[in-house]
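These are my notebook entries from a reading of one protein model, written for someone who has not looked at it before. I kept the entries in the order in which I looked things up.

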Amino acid sequence: MKKIDLTVNGRKHEFEVGDQTVLLDVLREDLDLIGAKQSCDRKGQCGACMVLVDGKAVRSCLAKAVKLDGSEVITVEGLGTPDNPHLIQEAFVLAGAVQCGFCTPGMIMAAKGLLDQNPDPGVEEIKKALRHNLCRCTGYKKIVEAVRLAGSFLRGEKKPEDLYPEPDAPMLGVSHPRPSAMIKACGVARFCADYKIKDALELAVVRSPLAHAKIKSIDTSEAEKMPGVAGVVTAKDVKGTNILKYIKSDRPVLCGDKVRYIGDPIVAVAADTRERALAAAEAVKVELEPLPVLENIGQAMAEGVVQVHDDIPNMCYEQPIVKGDADAAFAGSAAVVEAEFQTQINHQAPLEPEVTVAYWERDDDEDKLVIVGRSINIHLHLGMLQEAMGHENMRYEEAFVGGQFGIKIDVITEGIAGAAAIHFKRPVRYVPSLAESMLASSKRHAFNMKVRMGADENGMITAYANDLVVDNGAYYSIGHVVVLRALWMLAGSYNVPALDVKGRLVYTNNPWGSAARGAGPPQQNFALESAVDMLARKMGQDPLEFRYKNFLQVGQSGSTGQAVEQWPIPALMDAMRPHYQRAVEEAKANQGATIKRGVGLACGSFGIGGPGDASVVAVELDDDGGVSIFAAAADPGEGNDSMLTQIACEVMGLGMDKVRLNTRSTDVTAASGPAAGSRITYMMGNALIDGLRQIKELMAETGAKTGKELEAAGKPRRCLGRKKNIEATPMDPVTGQGPNFETQVHAVQMAELEVNTETGEVKVIKMTTAVDAGTVIHPQNLAGQLEGGMDMGVGYALREEYVAGETSDWRNFKFPTMATSFDMEVVVLETPRDTGPLGATGVGEMCMVPTAPAVLNAIDDAIGVRITTLPATPEKVKAALAGAGA
Ligand code: FES
Ligand code: FES
């Protein structure tokens, strides 16, 4: 150990550090400066840990403390506070660059390092300076804009106060700063790993290296003797069912008899430090007897193969759609295209690892177990955990969450942390590495789709067939819901008179699939929009005009027979037309010998919530005439805090400071349902308005202006607002006909890109989205969702793939970076939805539904080659070119 002096945020400190101690640990562990985050297992890949050392932006996970003796360190906390922020922090908030906020402190410190040297950087200089900083939410556009805005503040050309909305600014259509943005920009919002609990045990988990095996024996004797080890937890120590039941009872907290995918958890080891827990986990001996591994749907569906689960067949769900007479329609078609499309298993890739903290708090005479995690459905997860762990007295608290994109529709590490907390009757922290978070969590399902599409001589679509098989992986999770969502939206934006569709779901020994931004539609829309493009090109028709004339019209029905009522997509295509014409002209004018430019379109019509969906929101009139909202409305970055606040302000005529949100604990919130399916704005917004309507009626009836006055008049100050969607009737098991969505969000997207025909590299130049999400509540949040979604969608189209046993960090996952970011434009139309809250609807998932097909259609436009499997890597593009004789 060596003594060093550091001046941190202006204060001098002395530390004893070892050779391997890094600055990040000194800041977080010794000084509780939680602004610097860790995403990437200290590989220098994420930039979330960025601070200034002697004026230079440095990744604190790479900086050995012993080498910093006498240095001056500034962290994000040293710049400003929520009450007195630095101009860069204000710029990030005002530019809408803060979504989940996990990357934000690191981004701000990298920006500070740059702006101190160069107060007027250009876009390329900003991208270079922030090249080590990753963001999954924003697509980087608003981050670059924030740095430019910060520069203009620092140069005195603009003032923050001129950019904040006026106090009397409208509540709808104005980007009031998000309620949580400034605490995230100042690094004081607590994410899971920022919870420090005295005497907490740290956990490490032994996971299966095999994809399918029987557990023959577990020997923990060596591990239990190691220094600092408190003990181990295995399946037999879990008090309840040991099953995390979502739809099927198939996923254990800890595996007892069998493992079903690489990463299945077997033993948890608890010790006084994380390092000791990890060392002891290495000493656990698990004897596994390998079973045949079902690597794909073909193997899993074969006759006589091993079953992944004893009591559920591998082919575990099936639903057809039969509409019209597809055979006759194909027979009478003037043109038919046919192809087999394949999408990859992918990681949702939130920046924050899958951390859980569990501790005990005194509740009357009993100790209550508190689980602090990243859930987007805290009430459902609480119930799952209570059953699995056999423990009733619990609450779930959602910490600030560094993105989730569907991954947190499931319990991931909470069961293990909770079981250990109960077993040891101690607080525990389970802080898995990024590599382990990837192993532990669900993935986007891989789809295999054999499709045919026909059109008549006028270019009107006659029929669509899709034999769609979904690789469910090892556990069911929301399994068939993903198939259903794909089927509900199967015909997308189009009028397709005849459908012949089979949807199937199959267990394999791949990572378990679950929700992932869009959950089904991004996969099936890739096939649909590719087929539409192929058909247009085969018939020699312009892809835009072909789409335009095939759009559904009001009164016509989608794939499940429900007639559409509001369908603004033709207007969106009209809005896209001039952009498309410009892009096509530019592409023509910029063709090189090696570099070919292409333009691709794709549409998305995305259902919000689902049939039978319901939500409740409790509201209270406060004693100052403000309102408190009690709703489990998780906000892992989308801006639900803005949405709820601005709707309440609009309905009640209040200022933002008079609306109080209570959204994070099961003890105080109504069970409002998951932050999934893009449902929060539509479902909770409507439930909120219902609750506020009741409060207003009581106020009008009594003349009361405050909660106290309401109570004095004998009325409750608290009302429960509700929203229930059209009745859920199961799809007809033979035809798949039935109700689906009350409302949709629509978008047309256009990709402009270049293909290098020698290397196969694809470079996206620009993505443009024309979107109609109904009434716009918060323009920045709307654009932010679209920009982040397009960035994610391009990654999905070109690079990203999760390969079990291989993908272990952001580099080999091919996480989108500043270097891969591209120009983006968002065109917004507003068609207030008849049933939406103040006319609004959801948007968070649709933003990537058209992206992959738009990109693949643009590749075809550029080089005349159709790629049918995602991602379209350089190798695939080159191989396809070679196959086409190019
Ligand atoms: S934790 Fe330092 S770069 Fe990722
Ligand atoms: S705001 Fe950048 S990772 Fe979420």
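This is a predicted model: local features need pLDDT of at least 70, side-chain atom pairs count only at pLDDT 80 or more; totals for chains, interfaces and linings use all residues.

Residues are numbered from 1 along each chain as its sequence is written, chains are lettered from A and ligands numbered from 1 in the order in which they are written, and side-chain values use heavy atoms, with hydrogens and water left out.

Entry on salt bridges. I searched the whole structure and found 59 salt bridges. One network of them links Glu 529, Asp 533, Arg 537, Arg 547, Asp 860, Asp 861 and Arg 866. Within it I looked up Asp 533 and Arg 537, whose side chains meet at 2.8 Å, N to O. Both belong to helix α17 (residues 521-538), where they are 4 residues apart, about one turn of the helix; here helices are DSSP runs of H or I with at least four residues, strands are runs of E with at least two, and both are numbered from the N terminus. For accessibility I used relative accessible area with a 1.4 Å probe on protein chains only, calling a residue buried under 20%, exposed over 50% and partly exposed in between. Asp 533 has a relative accessible area of 0% and so is buried, whereas Arg 537, at 27%, counts as partly exposed.

I then turned to Lys 112 and Asp 116, which form a salt bridge with their closest N and O atoms 3.1 Å apart. They are 4 residues apart in helix α4 (residues 104-117), so about one helical turn separates them. Lys 112 is buried at 14%, and Asp 116 is partly exposed at 42%.

Another pair I looked up is Glu 289 and Lys 216, which meet in a salt bridge of 3.3 Å, N to O. This pair links distant parts of the chain, with Glu 289 in strand β11 (residues 285-290) and Lys 216 in strand β7 (residues 213-219), 73 residues apart. Glu 289 is partly exposed, with a relative accessible area of 32%.

Entry on strand β16. How many residues of strand β16 (residues 394-398) are buried? I found 5 of the 5 buried, so the strand is largely enclosed by the rest of the structure. Met 394, Tyr 396 and Glu 398 point one way from β16, while Arg 395 and Glu 397 point the other way. Strand β15 (residues 366-373) pairs with β16 in the parallel sense over 5 bridges, where pairing requires that DSSP finds at least two bridges between the strands. In this pairing I noted Val 370 opposite Arg 395.

Entry on domains. The domain bounds come from an automatic or database domain assignment, which gives, among others, domain 1 (33-58 + 69-175) and domain 3 (565-607 + 740-886). Their C-alpha centres lie 27 Å apart. I found 30 residues of domain 1 in contact with 25 residues of domain 3, contact meaning heavy atoms within 4.5 Å. Across this interface the rule finds 4 salt bridges.
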